[in-house]
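Colleague: I am new to this one. Please walk me through the terms as we go.

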Amino acid sequence: MSHLTSTASTAPGRVTGTGVGVPGYAHPLVAPEEWAGLARPGAPLHWAVLNVADGPGTRLDPRCLQAATRLRTAGVRILGHLPTTDTATAAHTAHRYLDWYGVDGFYLDRCPADRAALPGIGRTITALRALRDDAHIVLGHDSHPHPGYADHADQLVTYRGPWSDYRWSQVAEWTADHPPERFCHFVHGVPRGHLEEALRIARWQGAATIYFTDRTPHAGTSPWETVPGYWDEFVSRVGTGVSE
């Protein structure tokens, strides 16, 4: 079956160095320029999350397939968005992502962080890897979880929130036992003049996958749905720059 194997010519390698993880823009129908821009050469992207309808939806979406295909052709890893509120059907949901969009892994959103939930999340990840053994698994805790979660996933999101809190945040001591490539930070409301400071905090706290934006939550909208106003400057500071 096609979803059990990856395409060697387009499947991205493991996360290395500092790069950008995109938590998930709005649907490609609403944000076509954002999705098209991710395929531009030179952007240091680790991965981007595809969220069709709080999951893969009930049928294949041609616009999402087009966006996913464009990014995978450009060598960008695509992760299917899985809500961890429904772990019982996670494998079925993941199966649709694999069959319809050929994703490279999964982003488990709002993942619990306590020790009690660890066995259940471990079973969910085992089920996902049974579908694709090289799946890249990111757990969206949004804060520092019990250290045992690091034994199950490729990456952990240990911060997702506003700049006003991030600039005073503290890193958990146990993270020093792992390389920066294991951790992700997503920060909204970062002023353009504080980009370099935000990058220094991420490096000091040991997070290699980052996403900073000047957008903020407003009237029920997510700050991650649109590209930052300073996207080119952001990716240029992270990597080698993007072509104009």
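Modeller: Start with the largest pocket. Its lining has 15 residues, and G24, N51, R160, S222 and W224 lie nearest its centre. This is a predicted model: local features need pLDDT of at least 70, side-chain atom pairs count only at pLDDT 80 or more, and totals for chains, interfaces and linings use all residues. Residues are numbered from 1 along each chain as its sequence is written, and side-chain values use heavy atoms, with hydrogens and water left out.

Colleague: What makes a set of points a pocket, and which residues count as lining?

Modeller: On a 1 Å grid over the protein atoms alone, a pocket is an open set with protein on both sides within 12 Å along at least five of seven lines; lining residues have an atom within 4 Å of a point. The largest pocket has a volume of about 310 Å³, the space filled by probe spheres set on the points, which are joined across faces, edges and corners.

Colleague: What classes make up the lining of the largest pocket?

Modeller: Five nonpolar, five polar and five charged residues. Ala, Val, Leu, Ile, Met, Phe, Trp, Tyr, Cys and Pro count as nonpolar, Asp, Glu, Lys and Arg as charged, and the others, Gly among them, as polar.

Colleague: How many aromatic pairs are there?

Modeller: The count is 15 aromatic pairs. Rings of Phe, Tyr and Trp (its six-membered ring) pair if their centres lie within 6.5 Å; planes under 30 degrees apart are stacked, over 60 edge-to-face, the rest tilted.

Colleague: Why is the pair of W47 and Y107 called tilted?

Modeller: The centres of W47 and Y107 are 6.1 Å apart, with 45° between the planes.

Colleague: Why is C184 called buried?

Modeller: C184 has 0% relative accessibility, so C184 counts as buried. C111 is at 4%, so C111 is buried too.

Methods
Buried < 20%, exposed > 50% of the residue type's maximum accessible area, 1.4 Å probe, protein only. 1 Å grid on protein atoms, 1.4 Å probe; cavity = no way out; pocket = protein on both sides within 12 Å on 5 of 7 lines; lining within 4 Å.
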